[in-house]
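Here are some notes for your first look at this model. Keep the viewer open and check each point as you read.

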Amino acid sequence: MSRIIDLTMSYHNAVAGFSKIVAKTKDKDGWNASTLSFYSHCGTHMDAPLHFGVSNQTIDKIPVSNFCGKAWVVDAKHVGARGVITVEDVTTALNGKFKPGDSLIIATGWSQYAGTPKYRNELPRIGEALAHWCLENGVKMIAVEPPSVADVNNLDEVTKIHEILLKGVVIIEGLTNTEALQSNYVELIALPLKIEGGDGAPARVIAIEP
C-alpha cells in the first residue's frame, strides 16, 4: 500500500510574508471566512522563469505535466549550514539510477530552522556545477528545504543559480517533513496556485512512496 507524505509547510501569521485575518464570522455573517495575503515566494512555493527574467513564462503557463513525476530523494544532511551541495553529493546518492525527466528532492533537514534567522541566512545551497548538471541531465523538478536554492544574501549567487536552473528545471523551495520519507524513490506532485502572470506561487507538495 502506498504512503502519501505531505512535504508542505502550513501557512500561519508567523510565516514571513503571509497574513490571515478574519473577514467573516459564523455568528455575525453566517459563515467563517478569511482574507489571505502572501508574498509569492513564502512558505513552500514554486518559482516561474519570470522570477529572474529567464523568460516570460509565468506560473500559470508552466505545463501541468511538469508538476509530477518520479523523484529521487538525495540525503544531503551532511552539507550543513552555508554548505554547497555538489554534483558528487547527488550522483553518489543516485548511483547511476537517474534518467532524464526524473526529479530530485534534496533532504537537508533545514526545515527544522524555519522561523529563525538561521533558516534564511545560513542555508545550504545548490552549487553552480550542480545547477548546470541538473539542466544538462534533464532534471524535471528540484525541490529543496531552504527558502531558496541559493544564498539570498548574495545577489550574484542567487541570480546565477536561478538563471541556470530556470532555463529548464522547475524549482520548488521551502519543503518540510522530508524526515518522514522512508524510500529514496517517490512520485512527486507539486501543484502551485494558478496565478495569472505569476512569478511564483505557494504550492501543495506531496510525495507518494511505492
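Is Ser111 buried or exposed? Ser111 is buried, with a relative accessible area of 12%. Buried means under 20% relative accessible area, exposed over 50%, and partly exposed in between (1.4 Å probe, protein chains only).

This is a predicted model, where local features need pLDDT of at least 70, side-chain atom pairs count only at pLDDT 80 or more, and totals for chains, interfaces and linings use all residues. Residues are numbered from 1 along each chain as its sequence is written, and side-chain values use heavy atoms, leaving out hydrogens and water.

1. **Ser111.** Find Ser111 in the loop between strand E7 (103-107) and helix H3 (117-121). Helices (H or I, at least four residues) and strands (E, at least two) are DSSP runs, numbered from the N terminus. Leaving aside neighbours within four places in sequence, Ser111 is in contact (heavy atoms within 4.5 Å) with Met9, Tyr119, Glu145, Leu175, Thr176 and Asn177.

2. **Asp6.** Strand E1 (residues 3-6) holds Asp6. Asp6 is partly exposed, at 29% relative accessibility. Residues up to four places away in sequence aside, Asp6 touches Thr176, Asn177, Arg204, Val205 and Ile206. The Asp6 side chain also makes a polar contact with the side chain of Thr8 (2.9 Å). A polar contact is a pair of N or O atoms within 3.5 Å; within protein, one must be able to donate a hydrogen and the other to accept it, and residues adjacent in sequence count only if both atoms are side-chain atoms.

3. **Helix H5.** Which residues of helix H5 (residues 155-165) are buried? They are Glu157, Val158, Ile161, His162, Ile164 and Leu165. These residues cover an arc of only 160° around the axis, so they lie on the same side of H5. The arc is that of the directions from the helix axis to the C-beta atoms. An α-helix has 3.6 residues a turn, so residues three or four places apart point the same way. The face turned away from the buried side carries the exposed residues Leu155 and Asp156.

4. **Around H5.** The buried residues of H5 pack against strand E4 (45-47), strand E8 (125-126), helix H4 (128-136), strand E9 (141-144) and strand E10 (170-173). At the start of H5, a side-chain oxygen of Asn154 reaches to within 3.2 Å of the backbone nitrogen of Asp156.
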